Amino acid sequence: MAAAAAARLPRTEARVLSGHEGAVLAVRFNRDGNYCLSCGKDRIIRLWNPHTGALVKPYKSHGREVRDVNSSSDNAKLVSCGGDRQVFYWDVASARVIRKFRGHNSEINSVKFNEFNTVVVSAGYDRTVRAFDCRSQSSDPIQTIDTFQDSVMSVNLTNTEIIAGSVDGTIRTFDIRMGRETVDNLGHPVNCISLSNDRNCLLANCLDSTVRLLDKSTGELLQEYKGHICKSFKMDCCLTNDDAFVVGGSEDGYIFFWELVDAPVVSSFRAHSSVVTSVSYHPTRACMLTSSVDGTIRVWT
């Protein structure tokens, strides 16, 4: 059964999305998987149809590199962040910046919408996570979390929680309703976290070349995945849409698939000529996006 599932993993290059100059730092499917967003060193966000290869629209306003971009669940808005130290809140149709949220005093690494697209949460080098109200006219944060000891690299949201991973080796979960913080210390710098699709588990990519799976409610370490190189770059990790396999990139350009429960490498292949910066898995199909320092985005089916 597992072998049959592994055989269906996306390993065939369908197309290359070219246009960025310099490293592509993130690529993300939108909620329904029909489009994707990319960003990088060239300061331009690009909206693509990855299934045809068409560039739909560029978004230009950042003055420095763009490290993360995400779309709202209704596809009407974007948020982006990076070297500008502000969170850019965009209107998708007009490609105009609605507001720039301020408060971070250094580069911003990660940004997400909440489920209702009313709040944006960002994580930065200034050791903080900040939340902003999209409905307000204010550009200032409505909440700042400053309990981290080092740069915060990645942030995720559930209906009731803000979850963030830091170079200080911790994943901190903030229960928004209770005002309570839970700390899981992994003992190694965390550069990416992602949630399983059933929301029960957390995946953490750590700088000791290990991806760790944690029980979200208890913090228990469930499994470790190894074989890739992750020592100095921020690189995404995620689960396939059925939560059966873990997907991660490597600094040598390889993509790795691990079986979730027992953690063997079920597939690895050279996807890029340089560091794989991000992976994004389609919400319903066996289709994957990868981006790299080599300047390309690749679509795999």
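I take helices and strands as DSSP runs (helices H or I, at least four residues; strands E, at least two), numbered from the N terminus. This is a predicted model, in which local features need pLDDT of at least 70, side-chain atom pairs count only at pLDDT 80 or more, and totals for chains, interfaces and linings use all residues. Residues are numbered from 1 along each chain as its sequence is written, and side-chain values use heavy atoms, with hydrogens and water left out.

**Entry 1: His-62**

I began with His-62, which I located in the loop between strand S5 (54-60) and strand S6 (66-71). I classed residues as buried under 20% relative accessible area, exposed over 50% and partly exposed in between, using a 1.4 Å probe and protein chains only. His-62 counts as buried because its relative accessibility is 6%.

I then looked up polar contacts, meaning pairs of N or O atoms within 3.5 Å; within protein, one atom must be able to donate a hydrogen and the other to accept it, and residues adjacent in sequence count only if both atoms are side-chain atoms. The side chain of His-62 has such a contact with the side chain of Ser-80 at 2.7 Å, and another with the side chain of Asp-84 at 2.6 Å. For contacts in general I required heavy atoms within 4.5 Å. With neighbours within four places in sequence left aside, the contacts of His-62 are Arg-43, Ile-45, Ser-80, Cys-81, Asp-84, Phe-88 and Trp-90. I also noted His-104, 42 residues from His-62 in sequence, with 15 Å between the two C-alpha atoms.

**Entry 2: Asn-30**

I next examined Asn-30, in the loop between strand S2 (24-29) and strand S3 (36-40). Its relative accessibility is 8%, so Asn-30 counts as buried. A polar atom of the Asn-30 side chain lies 3.1 Å from the backbone nitrogen of Asn-34. The side chains of Asn-30 and Asn-75 are joined by a polar contact of 3.1 Å. Not counting residues up to four places away in sequence, I found Asn-30 touching Tyr-35, Cys-36, Ser-71 and Asn-75.

**Entry 3: Ile-108**

I found Ile-108 in strand S10 (residues 108-113). Ile-108 is buried, since its relative accessible area is 0%. Not counting residues up to four places away in sequence, Ile-108 touches Arg-67, Cys-81, Gly-82, Arg-85, Gln-86, Val-87, Ser-122, Ala-123 and Gly-124. From Ile-108 to Val-190, 82 residues apart along the chain, the C-alpha separation is 15 Å.

**Entry 4: aromatic pairs**

I paired rings of Phe, Tyr and Trp (its six-membered ring) when their centres lie within 6.5 Å; planes under 30 degrees apart count as stacked, over 60 as edge-to-face and the rest as tilted. By this rule I count 10 aromatic pairs. Phe-101 and Phe-132 form a stacked pair, at 4.9 Å centre to centre with 20 degrees between the planes. Phe-101 is in strand S9 (residues 96-101) and Phe-132 in strand S12 (residues 129-133), so this pair ties together parts 31 residues apart in sequence. Phe-101 counts as buried because its relative accessibility is 1%; Phe-132 counts as buried because its value is 0%. Ring pairs link Tyr-89, Phe-101, Phe-113 and Phe-132 into a cluster.

**Entry 5: two sheets**

Strands S27 (residues 288-292) and S28 (residues 297-300) run antiparallel and are joined by four bridges; Thr-290 stands opposite Arg-298 in S28.

Residues 101-133 are 0% helix and 55% strand, with the end C-alpha atoms 9 Å apart. Residues 269-301 are 0% helix and 52% strand, with the end C-alpha atoms 13 Å apart.

Methods: Two strands pair if DSSP finds at least two bridges between them.
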